[in-house]
Amino acid sequence: MFKAPMDWQKKYEEVIHKTQAYIQSNYWDGIDIHTLRAWLKNFKTDEEKYFSGCMLDALVFRTKEMVDSCYRHLASSLIPKFLASRHINLPNEIDEWLLNLKTGKNVPFRFIAIETIKGKPGKSGSVVARDLRNELFLARHLVQSPNKIPNFTSEVEAIIFLDDFAGTGEQFCDFFDEISPNLLVQSYHIAYCPLACHEDAKKLIEGSYPNVTVIPVELLTKEDEFFHPLDGYFRGDKENNIDDAKEFYLNVCEKMGLDRSDENAYLLGKGGLSLSFAFHLSTPNNNLKLYYHRPVDDSWNYLLQRGK
């Protein structure tokens, strides 16, 4: 049975204080203090409050400033390294390379956002492409849509697919299968560059498509999953095992009217990844549902938003 440890209140208050400081200092720029307080009110019992404190303590929140830094790292380091590994000629100086990205001259690749998949619009890839262009002052023609691939000139030797997050990798696979006929016109070097990616997604994509290299700015592993044991215990608390903690969480979900038998409800996150990782611009559905659950009857107060 799941229990709140003896000293849970002290740790809970420390986490709340830390989170409030993050928000009030605008370090976490996508969450406001009222949203935090409303979310905390969802949890009533000592065990529920302790669990909510663990969720807050585990939360990794990538702010706009952090994401902008990811864009710069992608453009100035990861992409040039990928192109160089494919023996594509690049300027020797980074300043010249960044200037080329602004003017659009002598740039041997094009960005493409992960968008509509199986008829369903995917907004996050387009948002990443837009923000990347704005942050780096990219020439507009460097960001293209998939249907423009057949029209690319011989100058284009590589294609860089953009996205915010890859959890299971299934979304990219569906997208790539749909647009693959466009890639038959010419042999391109292909990289998929999400801002963050779980190791399961990288393994699936590169195993399914040997011509695609997955280059995330940040790579998550099993150790980043919320229910990954620490010293054999839930969050290393020396009190609860993982099975009891997971069962407790699912019971709270049921209490909120969520169906634990519905695989598409993603109570433990899509793919069962049980992540606690979000951006200021989006919350991947591989996260624990209770971070972003937003029922139409407002019976649960959300902390994070799925998309903005």
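Is tryptophan 28 buried or exposed? Tryptophan 28 is buried, at a relative accessible area of 4%. The close-ups below come from a predicted model.

**View 1. Tryptophan 28 and its two ring partners, tyrosine 22 and phenylalanine 61.**
We start with the ring pair of tyrosine 22 and tryptophan 28: their centres are 5.1 Å apart, the planes make 45 degrees, and the pair is tilted. Tyrosine 22 is partly exposed, with 28% relative accessibility, while tryptophan 28 is buried at 4%. On to the other partner: tryptophan 28 and phenylalanine 61 have ring centres 5.6 Å apart and planes at 50 degrees, so this pair is tilted too. Phenylalanine 61 is buried, with a relative accessible area of 4%. Here the pair ties together distant parts of the chain, as tryptophan 28 belongs to the loop between helix H1 (8-24) and helix H2 (33-40), whereas phenylalanine 61 sits in strand S1 (residues 60-62), 33 residues apart. For the whole model, the tally is 32 aromatic pairs.

**View 2. An aromatic cluster with members from Phe2 to Tyr249.**

**View 3. Proline 5, in the segment before H1.**
Proline 5 is buried, with 8% relative accessible area. For a sense of scale, take tyrosine 71: it is 66 residues from proline 5 along the chain, and the two C-alpha atoms are 41 Å apart.

**View 4. H2 against helix H3 (residues 46-58).**
The two axes come within 11 Å of each other and cross at roughly 145 degrees. On the H2 side, the residues that meet H3 are Leu36, Trp39 and Leu40; on the H3 side, they are Ser52, Met55 and Leu56. Sorted by class, this contact has 5 nonpolar residues, 1 polar residue and no charged ones.

Which residues of H2 are buried? They are Ile33, Thr35, Leu36, Trp39 and Leu40. A reminder on helix geometry: an α-helix has 3.6 residues a turn, so residues three or four places apart point the same way. As for packing partners, the buried residues of H2 sit against H1, H3 and helix H10 (289-292).

**View 5. Asparagine 285, with tyrosine 292 and arginine 306 among its contacts.**
Asparagine 285 is in the loop between strand S8 (277-279) and H10. With a relative accessibility of 18%, asparagine 285 counts as buried, because the cut-off is under 20%. Which residues does asparagine 285 contact, leaving aside its neighbours within four places in sequence? The list is Tyr266, Gly269, Lys270, Tyr292 and Arg306. Two of those names come back as a pair: arginine 306 lies over the face of tyrosine 292, 5.8 Å from the ring centre. Glutamate 254 is 31 residues from asparagine 285 in sequence, and their C-alpha atoms are 18 Å apart.

**View 6. Proline 108, in the loop between H5 and S2.**
Proline 108 is buried, with 5% relative accessibility. Not counting residues up to four places away in sequence, proline 108 touches Leu83, Ile88, Asn89, Leu90, Trp97, Glu155, Val156, Glu157 and Ala158. Leucine 142 is 34 residues from proline 108 in sequence, with 9.5 Å from C-alpha to C-alpha.

**View 7. Positive phi at asparagine 106 and aspartate 298.**
Asparagine 106 has phi near 55 degrees, positive even though the residue is not glycine. Its place is the loop between helix H5 (94-103) and strand S2 (109-113), and asparagine 106 is exposed, at 61% relative accessible area. Aspartate 298, not a glycine either, has a positive phi of about 55 degrees. Aspartate 298 is found in the segment after H10 and counts as exposed, with 60% relative accessibility.

Definitions and conventions
Residues numbered from 1 in each chain as written. Predicted model: local features only at pLDDT ≥ 70, side-chain atom pairs only at ≥ 80, totals over all residues. Heavy atoms only, no water. Phe/Tyr/Trp six-rings, centres within 6.5 Å; stacked < 30°, edge-to-face > 60°. Buried < 20%, exposed > 50% of the residue type's maximum accessible area, 1.4 Å probe, protein only. Helix = DSSP H or I, 4+ residues; strand = E, 2+ residues; numbered from the N terminus. Lys NZ or Arg CZ within 6 Å of the ring centre and 35° of its normal. Axes fitted to C-alpha atoms, helices over the stretch in contact; angles between N-to-C directions. Contact = heavy atoms within 4.5 Å. Nonpolar A, V, L, I, M, F, W, Y, C, P; charged D, E, K, R; others polar.
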